[in-house]
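This is a walk through one protein model for someone who has not seen it before.

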Amino acid sequence: MPGPSARRRGRIAISQRGNPPAILAHLFRRAPHARTLRLVDQVESVRTPASWVVVGLDNGGTCNNATVLDATGQFLVDHLVENPSLVQDGPESAIEQLAEAFAGILTITSTPRTLVRAVGLDTPGPASANGVISSKGATNFAQVSWHGFDIRGALEARIGLPVIYNNDANAAALYAHHRHFGATAMDRSSVSAIVGTGLGGGVVESGKVVSGAAGMAGELGHVQIPLHGVLEEDQPLPQCNCGFAGDVESIASLTGIKNNLLPYWLPKFPGHPLASERIGKAAKLLRSYGEKEDPLALAVFEQQAKAIGKLFTIAANFTDPAAYFLGGGVVEAAPRFRQWFLNVVRENTQLRQEQSAAATFALVPDLDMAGARGAAVAALETVRPT
Ligand SMILES: [Zn+2]
């Protein structure tokens with residue numbers, strides 16, 4: 001997830017970059033008695049006992065981001081509300097920071113704690129479906145004390161409320177799905193690819209994330225793809241940190257740019273200004289060159305878009321989704337560039353005529369908030385009356 005890099009450090013920091021809140025009233029359609037008419041900015045308005053809420057907490061490498069979703073399907077926060085995540089200090093500090101984020105967002109939205117039915121939590125993976133961090137650790141959870149740590153259970157014990165866990169890519173995919181489909185979300189399916197340091201993914205069926213037996217469904221970055229038409233004749237097979245060669249993340253991620261694509265493409269453009277930068281910095285700068293239609297940058301991003309198209313072609317034959325969502329740094333790029341990128345993805349996704357007529361391609365909205373909002377949607381889904 002590229003979100004945290006765009007976030008500010010510091011105590012509760014507020015950005016006004018967010019779009020107006022999504023209305024997800026369909027999530028509550030089975031309990032219409034609790035509908036209330038309330039504008040999102042009037043959070044101080046009087047609540048009835050029926051107007052319960054869920055809280056969404058997005059745990060990132062630098063910051064936590066928090067939101068509140070009420071029983072009518074409205075988000076009570078339309079901007080980033082953050083505090084430091086302190087994940088690098090180990091589980092004890094990080095759980096306290098999550099508890100502080102939880103308390104802080106209730107204060108900001110004037111929400112009594114007694115109205116909170118559940119908390120949705122998302123973190124970067126790898127972790128189990130129940131929020132146990134991989135026994136080998138993870139990029140954001142490097143300290144040994146994190147290895148095999150049950151972050152969901154620890155937060156649940158700390159705040160005394162049910163905590164529902166998703167990994168960050170699954171949470172963003174869930175939010176994209178509900179935001180896009182609105183009232184028909186529970187009848188639809190989608191696949192999301194989110195390009196960041198890695199390639200995060202999410203598969204949603206009938207409005208719910210497919211998590212899998214071990215919590216590892218939707219790890220779309222590590223799906224191996226046919227490389228014909230993606231790589232140049234003389235291009236080495238891209239390697240992924242997971243041990244696979246030629247999977248989507250080995251091409252369509254910042255890590256893929258740094259380890260595989262730039263080392264191949266840079267020597268083909270002698271005198272390019274990025275050649276004098278460290279490779280890691282050059283990889284990060286590449287998007288700004290893409291926005292200026294620099295030929296080297298376009299060659300790299302075209303390969304990324306083609307790789308995602310190959311992935312979506314597999315998805316088309318696997319779950320045949322109603323929507324293909326694309327998220328990550330590219331969504332934050334200049335409109336002309338991101339549209340070009342999405343078009344290349346679309347052109348390289350081979351759909352049957354019937355599928356083309358039924359499916360849509362779209363960008364994941366509100367990216368910085370998508371994790372917290374998706375986590376909240378998952379919590380609401382879990383506790384709403386049936
Ligand atoms: Zn991989």
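A residue is called buried when its relative accessible area is under 20%. By that cut-off, five of the seven residues of strand β8 are buried, and the strand is mostly covered. The model is a predicted one.

Strand β8 belongs to an open sheet of five strands, ordered β9-β8-β7-β10-β11, with mixed pairing. At its edges are β9 (208-209) and β11 (360-363), each of which pairs on one side only. In a regular strand, side chains alternate between the two faces of the sheet.

The sheet can be followed strand by strand. β7 and β8 run antiparallel and are joined by six bridges, with Ala-193 standing opposite Gly-201 in β8. A hairpin of three residues links β7 to β8. Gly-198 is found in the loop between these two strands. Apart from neighbours within four places in sequence, Gly-198 is in contact with Glu-249, Ala-252 and Ser-253. Between the C-alpha atoms of Gly-198 and Gly-328 there are 9.8 Å, although 130 residues separate the two along the chain.

From β8 the chain continues into β9, and these strands pair in the antiparallel sense over two bridges. Val-204 stands opposite Val-209 in β9. The hairpin of β8 and β9 has two residues between the strands, and Ser-206 takes a positive phi near 45 degrees there.

Ser-190 stands opposite Ala-323 in β10. Helix α6 (residues 295-318) packs on the sheet, where α6 touches β7, β10 and β11; its direction makes about 160 degrees with that of β7. Another helix, α3 (residues 168-181), lies across β7, β8 (199-205), β9, β10 and β11, and runs at about 50 degrees to β8.

Next comes helix α4 (residues 254-265), where Leu-261 is found. Leu-261 has a relative accessible area of 0% and is therefore buried. Beyond four places in sequence, the contacts of Leu-261 are Gln-235, Ile-251, Gly-256, Val-300, Gln-303 and Gln-304. For Leu-261 and Gln-304, which are 43 residues apart along the chain, the C-alpha atoms are separated by 9.2 Å.

The model also holds a zinc ion. Which residues supply its protein donors? They are His-222 (ND1), Cys-240 (SG), Cys-242 (SG) and Asp-247 (OD), at 1.9 to 2.3 Å from the zinc ion. Along the chain, the donors follow the spacing H-x17-C-x1-C-x4-D. The arrangement is tetrahedral because the four donor atoms subtend angles of 103 to 117 degrees around the zinc ion. Cys-242 counts as partly exposed because its relative accessibility is 39%, whereas Asp-247, at 0%, counts as buried.

Confidence comes last. The mean pLDDT of the protein chain is 87, and 87% of its residues reach 70 or more. Over residues 1-23, however, the pLDDT is below 50, and this stretch has 69 contacts in the model beyond near neighbours in sequence. Residues 28-45 likewise stay under 50, with 37 contacts beyond four places in sequence. Where pLDDT is low, the predicted coordinates should not be read in detail.

Note on methods:
Residues numbered from 1 in each chain as written. Predicted model: local features only at pLDDT ≥ 70, side-chain atom pairs only at ≥ 80, totals over all residues. Heavy atoms only, no water. Donors = N, O, S within 2.8 Å, 3.2 Å for Na, K, Ca; no water. Tetrahedral: all angles 85-135°; square planar, octahedral: opposite > 155°, others 65-115°. Buried < 20%, exposed > 50% of the residue type's maximum accessible area, 1.4 Å probe, protein only. Pairing = 2+ DSSP bridges. Helix = DSSP H or I, 4+ residues; strand = E, 2+ residues; numbered from the N terminus. Contact = heavy atoms within 4.5 Å. Axes fitted to C-alpha atoms, helices over the stretch in contact; angles between N-to-C directions. pLDDT = per-residue confidence, 0-100.
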